[in-house]
Amino acid sequence: MTMVTEFSASDHQYMQHAIESAALGRYTTAPNPNVGCVIVKDNLIIGEGYHRQAGGPHAEVFALRQAGSAANGATAYVTLEPCSHFGRTPPCADALIAAGLSRVVVAMQDPNPRVAGTGVERLRAAGIQVDVGLLTAQAEALNPGFLHKMRTQLPFVRLKLACSTDGKVALSNGQSQWLTGAAAREDVQLFRAQSCAILSTAETVKADKALLNVRSEAVTRLENGDIRQPLRVILDRRCRLSGHEPLFQQGGDILLCHAGPAEEWPELAPIQQNASGQVTRLRLGLDPVGQLDLKELLSLLGSRQINLLWVEAGSMLATSFWQQQLIDELVLYQAPLLLGADAMPLLKAGGLSQLSQAPRWQWQDVRQVGVDLRLTALLKTDTMSEQ
């Protein structure tokens, strides 16, 4: 019979504090998870910390440094199971044992097969009381990309769309700038900053002169002001990009995806000297309708430690992701405009004959951002954790 731990009100309070601390690293930790740790003794927080960047100290280390020798006999609240293996840093489970903690409260087990319960086992073997499962849903929400990648080996796909109130993305002549207001566009910057990679198309790059990077003016308003430019992945099946586009002049790594043999790809124009970053080219196969194979791309990105993929393009790519059921989360900005029947629709094609064929979504958040609405939904599945 499984015993269910009864957590106190103070347990909830301190774990909530750890979750809020973990969120401070959401723009800088990729591909590592966001983790927070709070150390408590005699109902006082004596140490706290969060993981800031891959390769740097973990949350437990920062909290233990702050607590010092007072950590002996204290309780640690950690949003993710302490690691038990040597990576770029030593095991956090060993650090907690050495510090003499009497109790460790863990929000959720780490699905990483290199941990997966062994951190908890190591702590318990050392005589430390370990309680698991406090505010698990909130802890999972900190790391959708990391958890999805560990469980499926594929990136978590967030599709961004913007439309009018009547579901249109542009006028019949193609004009779409700017459908949404300045506040929504700045909100997009924060989503980009949390992503490992941004996926778009050559069509979007050429038509909108899209940069697809994180603007520094938005980042300076973040908690720590650090800039980590996501990888920009561009589907360019017919090699339409020349290297002269503004996309290439902003710095940051770019992955261009083409079809056909490499010897047929034209040379890119020289990149300006002030632009840092590397441009890499990748050959993808074609799907049954002659487009670049998105499933193959997601598999390759997963192998490159891309946990969270932000998809930002036109209705054609959005339709492909929708039809192939490759979207994990939808972020839809809706402007208070009516564009009429002649305007371009949100998706290009239906292909459904019954309502039961349409994937069901589960609303996660609906809020006003400036003059627009932002609607966030997860793909509804039987195995989804309750939010």
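In these exercises, contact means that heavy atoms lie within 4.5 Å. The structure is a predicted model.

**Exercise 1.** Determine how α3 and α4 are oriented and which residues join them.

*Solution.* Begin with the axes: those of helix α3 (residues 92-99) and helix α4 (residues 118-125) come within 9 Å and cross at roughly 20 degrees. Angles under 35 degrees count as roughly parallel, and α3 and α4 are therefore roughly parallel to each other. The crossing of α3 past α4 is right-handed. Next, list the residues that meet: α3 contributes Ala 93, Asp 94, Leu 96 and Ile 97, while α4 contributes Gly 119, Arg 122 and Leu 123. Sorted by class, this contact has 4 nonpolar, 1 polar and 2 charged residues.

**Exercise 2.** Classify the geometry of the aromatic pairs, given that ring centres must lie within 6.5 Å.

*Solution.* The count comes to 2 aromatic pairs. In one of them, the ring centres of Tyr 14 and Tyr 77 are 5.5 Å apart and the planes are at 45 degrees, so this pair is tilted. Tyr 14 belongs to helix α1 (residues 9-22) and Tyr 77 to strand β3 (residues 75-78), so the pair ties together parts 63 residues apart in sequence. Tyr 14 is buried at 7% relative accessible area, and Tyr 77 is buried at 4%.

For Phe 191 and Trp 310, the ring centres are 5.1 Å apart and the planes are at 10 degrees, so the pair is stacked. Phe 191 lies in helix α7 (residues 182-194) and Trp 310 in strand β12 (residues 308-312), so parts 119 residues apart in sequence are tied together. Phe 191 is buried at 10% relative accessibility, and Trp 310 is buried at 0%.

How values were computed
Residues are numbered from 1 along each chain as its sequence is written. This is a predicted model: local features need pLDDT of at least 70, side-chain atom pairs count only at pLDDT 80 or more; totals for chains, interfaces and linings use all residues. Side-chain values use heavy atoms; hydrogens and water are left out. Axes are lines fitted to C-alpha atoms, for helices over the stretch in contact, and angles run from 0 to 180 degrees between N-to-C directions. Helices (H or I, at least four residues) and strands (E, at least two) are DSSP runs, numbered from the N terminus. Angles under 35 degrees count as roughly parallel, over 145 as roughly antiparallel, 65 to 115 as roughly perpendicular and the rest as oblique. A crossing is left-handed if the near helix is turned anticlockwise from the far one by less than a right angle, and right-handed if clockwise. Ala, Val, Leu, Ile, Met, Phe, Trp, Tyr, Cys and Pro count as nonpolar, Asp, Glu, Lys and Arg as charged, and the others, Gly among them, as polar. Rings of Phe, Tyr and Trp (its six-membered ring) pair if their centres lie within 6.5 Å; planes under 30 degrees apart count as stacked, over 60 as edge-to-face and the rest as tilted. Buried means under 20% relative accessible area, exposed over 50%, partly exposed in between (1.4 Å probe, protein chains only).
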